[in-house]
Amino acid sequence: MTQTLSTGAGPTRRARAAAPARARPAERWSRRAPLLPALIFAIIVTQVPFLVTLYLSTLDWNALRPGERGFVGLANYDEVLTDARLRAALLNTVVLTAGSVLVSVLLGLGLAILLDRKFPGRGIVRTLLITPFLVMPMAAALLWKHAIYNPAYGLINGIVGGSTDWVSQYPMLSVVATLVWQWTPFMMLIILAGLQGQSTETLEAARVDGAGPWQVFVRITLPYLRPYLELGALLGSIYLVQTFDAVFTITQGGPGTATTNLPYEIYLTTFRKFEYGEAAAAGVVVVIGTIVVATFALRVISSLFRMEDAR
């Protein structure tokens, strides 16, 4: 009798144990179901336009010749990669992005180190330093073009004297300076977050062992901040490679093609040359480059999360 009962109870216990396992997929889908509308909306808003852009990039489509649209395959991509004007725009994009990101990271690092110290009015200073990042890009570009670079009444000429037309003589430097002013607070916030998460015990132990401020910074703080510096540089690159506002507002891509980057060249190709297929191909090239940079950014973010979990 006992054997019969134990034998009968075995399948019952197994059935009860298996029941939650069978319910888990349904539970997972019940948790995911509320997110499906947002997922569908994101796909419609982002992926469908990109697929349409891919299709347009394979067409020879000029709005001035509406009846001559035809399939050309990868010819538009060949045009994008071999056209001298587009190659110049690609080079300008690299210079503009790399220069702005590098200077912003260095200045952000210096400001973050200063704000990591305690001093009267630190909260006010921090708020004032963050303000440039909150200004709209177009408004920031207009501010720098008219209030700072203007040869007649600009701030720079008012301080140093003379009537130098900074935008005409130093177009790339003018755009880079504007972007650095706007993006340095972003870098500063990321690096400051890293500094405030640093172990004070480690720093104190290094000082007790006789390490000076420079040695502590180079051997402890800087290696610790490396993921944060990489994250700031990568995120800044993702955004700055798409810069259009500053170029359009300050220089209009000139003089000549001195500051014409890929986004502005895409604008010219679309609304001046009316070459929709070629502009779509250039847009796809920009998206691919951005995805490559974003992939590295996601890896850096994942490494930061692993660092936090390891603490």
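**Note on the predicted model**

1. The accessible surface of the protein comes to about 18500 Å², and 68% of that area belongs to carbon and sulfur atoms; areas come from the Shrake-Rupley method with a 1.4 Å probe, and for residues only the protein chains shown count as cover.

2. This is a predicted model, in which local features need pLDDT of at least 70 and side-chain atom pairs count only at pLDDT 80 or more, while totals for chains, interfaces and linings use all residues. Residues are numbered from 1 along each chain as its sequence is written, and side-chain values use heavy atoms, with hydrogens and water left out.

3. The radius of gyration of the protein is 28 Å, whereas a compact globule of 311 residues would have one near 19 Å (taken over C-alpha atoms, with the globule rule being 2.2 Å times the number of residues to the power 0.38). The C-alpha trace spans about 105 × 75 × 30 Å along its principal axes.

4. Of the 311 residues, 34% count as buried, that is, under 20% relative accessible area, with exposed meaning over 50% and partly exposed in between. Among contacts (heavy atoms within 4.5 Å) between residues at least 6 apart in sequence, 69% join residues at least 24 apart.

5. The secondary structure comprises 14 helices and two strands (DSSP runs numbered from the N terminus, H or I of at least four residues for helices and E of at least two for strands). Glutamate 204 lies in helix α10, residues 200–208, and is partly exposed, with a relative accessible area of 45%. Glutamate 204 and valine 216, 12 residues apart in sequence, are 9.6 Å apart in space, C-alpha to C-alpha.

Notes:
Buried means under 20% relative accessible area, exposed over 50%, partly exposed in between (1.4 Å probe, protein chains only).
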